[in-house]
Amino acid sequence: MRAYRMTAWGTPGEHVEVAEPTPGPGQVLVRVAGCGLCRSDLTMRQMPRAVGERLGWRMPFTLGHETAGWLADGTPVALVSPTSCGTCRLCVRGMDNACPRGLAGRGYGQDGGLAEYVVADRRAVLPLGELDPRHAGPLTDAGATAYHAVRRARPRIAPGGTAVVLGAGGLGAFAVQFLRILTGARVVAVDISDLRLAYAKSVGAHEVTSSLTEKADAVLDFVGTDETIAAGIAAVRPGGAYGLIGSAGGRLDRSWFGVLPRDGEVFTFQGSSIADAQEVIALAGAGLIRNQVQEFPFEKVGEAYEQLAAGTLTGRAVVLL
């Protein structure tokens with residue numbers, strides 16, 4: 001079958017032909033309809049061998065962790081993005097996104113969805129109902145991760161308060177929608193791209209701006225540079241929350257005194273839980289959120305990654321198989 005795989009450390013992926021996978025005990029075979037691309041894929045394509053092996057990654061592996069398709073009986077399904085065991089202390093508490101097994105998973109160290117078929121544990125399979133599996137993949141990562149961030153910050157957002165979304169790209173645009181659905185906050189989207197700001201406005205942002213100049217109950221940072229971290233934390237009101245979701249690798253190199261929000265919360269996380277993905281799919285199925293995608297044929301995966309790296313996409317790139 002066709003697949004787009006990482007074949008060596010520190011190099012871009014390539015199109016190859018590989019054997020169709022065979023599901024093991026407790027697994028199912030999924031025929032892939034579409035697979036979303038993520039900025040973390042760009043990081044994986046540059047991953048040093050020492051780091052990858054420390055995470056338990058095995059080379060070669062097929063990229064793609066935003067996957068949806070069909071079971072053998074034709075049922076449309078999406079696959080939970082983070083891998084988890086289901087039995088550890090964190091998993092049984094519903095924190096499966098923090099499972100130690102999740103350091104390596106489908107599309108990051110193990111074979112993912114940029115192929116005609118992929119195998120998955122049964123617990124990772126989510127029915128899609130009437131949703132199109134060609135476009136549903138981003139709901140499981142971009143959508144679910146943004147949902148997790150909003151759900152985490154929601155208790156800190158006062159009625160009639162303000163929530164700021166730093167970075168209005170794929171994840172940020174989802175966050176704008178979830179803030180509108182789950183809170184009564186005034187939602188402000190911040191980005192340097194006029195295209196992304198226009199899209200954020202179209203999906204519900206009350207205000208859009210190119211710079212953060214006001215205080216907020218919650219600031220959700222989907223960028224993660226030195227600049228956005230410093231500006232985001234400085235903008236949080238006492239008792240509010242700053243959430244770091246973006247993976248740009250920035251840091252806050254300051255004393256905490258007078259910088260962190262008084263009686264507030266600063267949190268970071270990666271990924272989302274199975275429950276997050278289930279709820280996002282339910283919201284999409286009810287027509288309450290917009291999942292904007294740009295389709296690419298499998299032969300143009302490289303071009304899709306180039307556009308992703310250049311920041312010219314407003315929605316999520318989805319590769320059709």
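## Strands, cores and a helix in a predicted model

Modeller: This is a predicted model. Strands β3 (residues 27–36) and β5 are paired antiparallel, with 5 bridges between them.

Biologist: Which residue of β5 does Val 32 stand opposite?

Modeller: Val 32 faces Gly 69 in β5.

Biologist: What does β5 form with β6?

Modeller: A hairpin, with 5 residues between the two strands. Gly 74 sits in that turn and has a positive phi of about 90°. β6 spans residues 76–79, runs antiparallel to β5 and is joined to it by 3 bridges. Trp 70 stands opposite Pro 76 of β6.

Biologist: Changing topic. How many disulfides are there?

Modeller: The count is 0 disulfides.

Biologist: On to the helices. Which residues of α6 are buried?

Modeller: α6 takes in residues 194–202, and Arg 196, Leu 197, Tyr 199 and Ala 200 are buried there. These four lie on the same side of α6, because they cover an arc of only 160° around the axis.

Biologist: What does that buried side pack against?

Modeller: The buried residues of α6 pack against α5 (170–182), β12 (186–190) and β13 (207–209).

Biologist: Which exposed residues does the face turned away carry?

Modeller: Asp 194 and Leu 195.

Biologist: What happens at the start of α6?

Modeller: A side-chain oxygen of Ser 193 comes to within 3.3 Å of the backbone nitrogen of Leu 195. After the helix comes Gly 204, with a positive phi near 130°.

Biologist: How many residues are in the largest nonpolar core?

Modeller: It has 48 residues. Leu 139, Phe 178, Leu 220, Phe 222 and Ile 289 have the most contacts inside it. Elements that each supply at least two residues of this core include α4 (142–153), β11 (162–166), α5, α6 and α8. Apart from that core lies another of 23 residues, among them Trp 9, Met 44, Leu 63 and Leu 308.

Biologist: Why would such side chains sit together?

Modeller: In soluble globular proteins, nonpolar side chains tend to be buried together.

Biologist: Back to Phe 222. What does it touch?

Modeller: Leaving aside residues up to four places away in sequence, Phe 222 touches residues including Ala 146, Val 165, Leu 171, Ala 175 and Ile 245.

Biologist: You mentioned α8. Where is Asp 276, and is it buried or exposed?

Modeller: Asp 276 is in α8, which runs over residues 274–285. Asp 276 counts as buried, at 0% relative accessibility.

Biologist: Which side chain does Asp 276 make a polar contact with?

Modeller: With the side chain of His 148, at 2.6 Å. Beyond residues up to four places away in sequence, Asp 276 touches Ala 144, Tyr 147, His 148 and Arg 151.

Notes. Residues numbered from 1 in each chain as written. Predicted model: local features only at pLDDT ≥ 70, side-chain atom pairs only at ≥ 80, totals over all residues. Heavy atoms only, no water. Buried < 20%, exposed > 50% of the residue type's maximum accessible area, 1.4 Å probe, protein only. Arc of directions from axis to C-beta. Contact = heavy atoms within 4.5 Å. Polar contact = N/O pair within 3.5 Å; in protein donor to acceptor, adjacent residues only side chain to side chain. Pairing = 2+ DSSP bridges. Disulfide = S-S within 2.5 Å. Core = buried A, V, L, I, M, F, W, Y, C linked by side-chain atoms within 4.5 Å.
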